[in-house]
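Subject: Structure handover

Hi,

Here is the model for you to look over. My notes follow below it.

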Amino acid sequence: MKNVFDVIVCGAGHAGCEAALSAARLGANTLMLTGNLDTVAQMSCNPAIGGQAKGHMVREIDALGGEMAINTDVTAIQFKLLNASRGLAVQAPRAQSDKKAYQFRMKHTLELQPNLTLFQATVTGLIFENGKVVGCRTNLDLDFHGKTVVVTTGTFLRGLMHIGQNKNEGGRMGDSSAKTLSASFLDAGIELQRLKTGTPPRIQGRTIDFSVMEEQRGDPTPTLFAFHDTRQDSDLFHVEQSGEDRPGWEPGVRQISCWITHTGDQTAEIVHKNLCRSPLYGGAIEGTGPRYCPSIEDKFVRFADKPRHRLFLEPEGRSTNEYYINGLSTSLPFDVQVDLVHSIPGLEKARILRPAYAVEYDFAPPTQLFPSLESKKVENLFFAGQINGTSGYEEAAGQGLVAGVNAVLKGRGEDPMVLSRQECYIGVLIDDLVTKGTLEPYRMFTSRAEHRLLFNHGSAEMRLYHHARKHGLVCSERLQRMEAKKQTVEDWTARLNTGRTPNGTFGELVRRRESDIPFPSEFNYLSAEIRSEILYRVGYEGYLKREQAQVEKVKSMEGLRLSPGIDYGRVRGLKKECADKLAEIRPFTLGQASRISGVTPADIHILMVHVKAGLDKKASDRPEAAL
């Protein structure tokens with residue numbers, strides 16, 4: 001095997017998979033290194049994809065040529081459209097996946113991908129020359145060299161698992177920790193901090209009493225993640241010319257129910273009685289945990305007024321009897337976990353197959369990155385996923401795709417692909433990370449996006465079409481279908497807004513929520529996906545125009561670029577605190593500067609005067625200067 005590559009991806013989780021695939025699909029000779037090829041694309045926590053904002057990101061990943069959406073569609077065991085009874089603006093797809101089928105199909109996809117080499121070895125350190133990364137070292141005494149390196153190590157950097165007072169090194173149960181790679185980052189001047197996440201116990205399904213629980217069935221007509229109307233059928237189950245079938249099934253067949261139960265008074269009593277044995281409350285855990293996915297200990301302490309908390313019993317797959325208790329994350333000792341589980345209605349006789357645990361790990365504060373996800377400290381080094389402080393498969397996959405694309409572009413000397421926060425949730429995610437940073441595991445919510453009305457999940461292809469075309473992220477046939485779809489939506493939106501009926505235009509009837517609207521017969525022959533997008537644009541016309549006007553205002557500031565070489569300490573009128581923050585983040589546009597915590601509108605005005613007066617002249621030889 002050759003030891004020289006265009007792109008090296010360190011890690012094979014959800015970020016690593018998308019990074020490696022995007023790089024290889026752009027024609028780069030790509031290497032993916034992982035400590036265990038049997039855990040590629042492992043769903044370490046709950047076996048589900050999507051939800052509010054997360055489901056939107058998965059559709060954006062698909063629009064940019066990623067794999068997560070279609071991999072979910074053909075390995076899912078249940079589909080739910082969240083907020084289905086409410087307006088299109090707040091609806092989001094979610095799917096329960098077959099944990100092993102998802103993993104096996106993604107691994108097979110990687111194996112079949114041209115330009116991509118998979119190799120099992122643990123990365124022990126990076127190789128640097130003149131402030132640039134040029135490769136990595138492994139535990140097999142094999143060195144690999146590459147033009148660029150993408151690090152997607154997840155929770156494995158000095159990972160430490162806690163079950164009560166018991167501690168084991170590892171990024172997840174059954175896998176070892178990456179103990180030496182952190183030192184390599186520190187030697188390069190990259191700051192590291194600690195975060196914590198956790199997972200609940202898994203139990204044996206045949207020991208559950210479902211008769212006392214509420215059943216949660218899947219939707220009869222599933223809302224899929226991939227845009228199948230612009231894809232070829234061959235994308236589903238095999239790779240053209242390979243003749244190999246990948247795992248999976250027709251989306252939506254043989255769906256499996258989830259179940260809802262809850263904690264009770266006895267559960268609360270057990271938790272409070274044993275808080276002294278919790279490593280989270282005993283001081284054994286240093287890292288900050290996720291605020292929006294708290295442990296059961298945190299729930300009873302922080303929300304003491306709540307008499308009970310809902311729990312979701314989620315099947316791990318079709319070919320296993322294992323269930324995931326969503327909502328019961330804990331690091332309490334195992335004997336306490338047994339009592340906790342048995343205190344829950346329907347789980348009185350449940351048998352635990354895998355204990356819950358917390359895991360601490362190193363992450364690199366993401367303000368050390370450019371918007372391309374390249375390190376500011378080490379050239380040609382890209383970070384994606386939980387190493388940037390995020391939580392969630394979807395957040396990791398979105399970053400991985402962007403990092404993989406930009407690793408290729410950097411190696412070719414081309415300008416990076418930067419997704420704006422005005423066009424997609426992935427753009428919001430990355431801008432938040434590199435501009436504001438995070439002190440806790442970052443999770444995407446719709447409320448983080450100022451222009452979320454523009455980000456309905458059905459519009460992802462049309463919003464990101466220009467990026468897919470510019471960078472060649474999807475095949476030419478799909479690009480043509482995407483362009484035709486975009487044109488159809490725009491034409492019919494205009495036609496419904498102007499076409500008249502005896503009671504007003506079609507658009508007015510839609511906005512009045514009239515029933516039995518006499519749409520033109522040709523409209524009814526359009527696909528359901530296209531009709532839904534047209535009706536969304538027509539129904540929310542006024543709101544969307546207002547949002548778009550706000551976006552245009554913001555673009556004026558995003559268009560004012562700041563040289564990477566500005567000495568903010570010499571900008572007259574800037575407070576020292578503001579100058580220090582600007583020097584730390586080194587924003588590329590006035591718009592990004594305005595989003596830095598502590599930078600005021602007055603500071604932005606001073607910077608605007610500075611730029612327009614031509615005082616910002618120092619150019620940079622880095623491609624990010626073109627931002």
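**The second largest pocket**

The lining of the second largest pocket has 17 nonpolar, 14 polar and 16 charged residues. Here Ala, Val, Leu, Ile, Met, Phe, Trp, Tyr, Cys and Pro count as nonpolar, Asp, Glu, Lys and Arg as charged, and the others, Gly among them, as polar.

Before going on, note that this is a predicted model: local features need pLDDT of at least 70, side-chain atom pairs count only at pLDDT 80 or more, and totals for chains, interfaces and linings use all residues. Residues are numbered from 1 along each chain as its sequence is written, and side-chain values use heavy atoms, with hydrogens and water left out.

The volume of this second largest pocket is about 1,400 Å³. A pocket is an open set of points on a 1 Å grid over the protein atoms alone, where a 1.4 Å probe fits, with protein on both sides within 12 Å along at least five of seven lines; lining residues have an atom within 4 Å of a point. The volume is the space filled by probe spheres set on the points, which are joined across faces, edges and corners.

Of the 47 lining residues, S420, Q422, E423, H466 and K555 are the closest to the centre. Elements giving two or more residues to the lining are α12 (425-436), α13 (460-471), α14 (476-498), α17 (528-539) and α18 (541-558). The largest share is seven residues, from α18. Helices (H or I, at least four residues) and strands (E, at least two) are DSSP runs, numbered from the N terminus.

**Aromatic rings**

There are 11 aromatic pairs in the structure. Rings of Phe, Tyr and Trp (its six-membered ring) pair if their centres lie within 6.5 Å; planes under 30 degrees apart count as stacked, over 60 as edge-to-face and the rest as tilted.

The ring centres of F210 and Y323 are 5.5 Å apart and their planes lie at 50 degrees, so this pair is tilted. F210 is in the loop between β13 (202-204) and β14 (214-216), and Y323 is in strand β17 (residues 322-326), so the pair ties together parts 113 residues apart in sequence. F210 is partly exposed, at 22% relative accessibility. Y323 is buried, at 10%. The cut-offs: buried is under 20% relative accessible area, exposed over 50%, partly exposed in between (1.4 Å probe, protein chains only).

F370 and F588 also form a tilted pair, 5.2 Å centre to centre with 40 degrees between the planes. F370 is in the loop between β19 (357-363) and β20 (381-383), and F588 in the loop between α19 (576-585) and α20 (590-594), so parts 218 residues apart in sequence are tied together. Both F370 and F588 are buried. One aromatic cluster is formed by W492, F506, F519 and F523.

**Strands**

Strands β15 (residues 258-262) and β16 (residues 310-315) run antiparallel, joined by four bridges. Two strands pair if DSSP finds at least two bridges between them. H262 has R310 in β16 as its bridge partner. Four bridges also pair β16 with β17, in the antiparallel sense. There, E314 stands opposite Y324 in β17. A hairpin through six residues joins β16 to β17.

**Backbone**

Which residue has a positive phi of about 60 degrees although it is not a glycine? D141 does. D141 sits in the loop between β8 (132-138) and β9 (143-151). D141 is exposed, with a relative accessible area of 73%.

Best wishes
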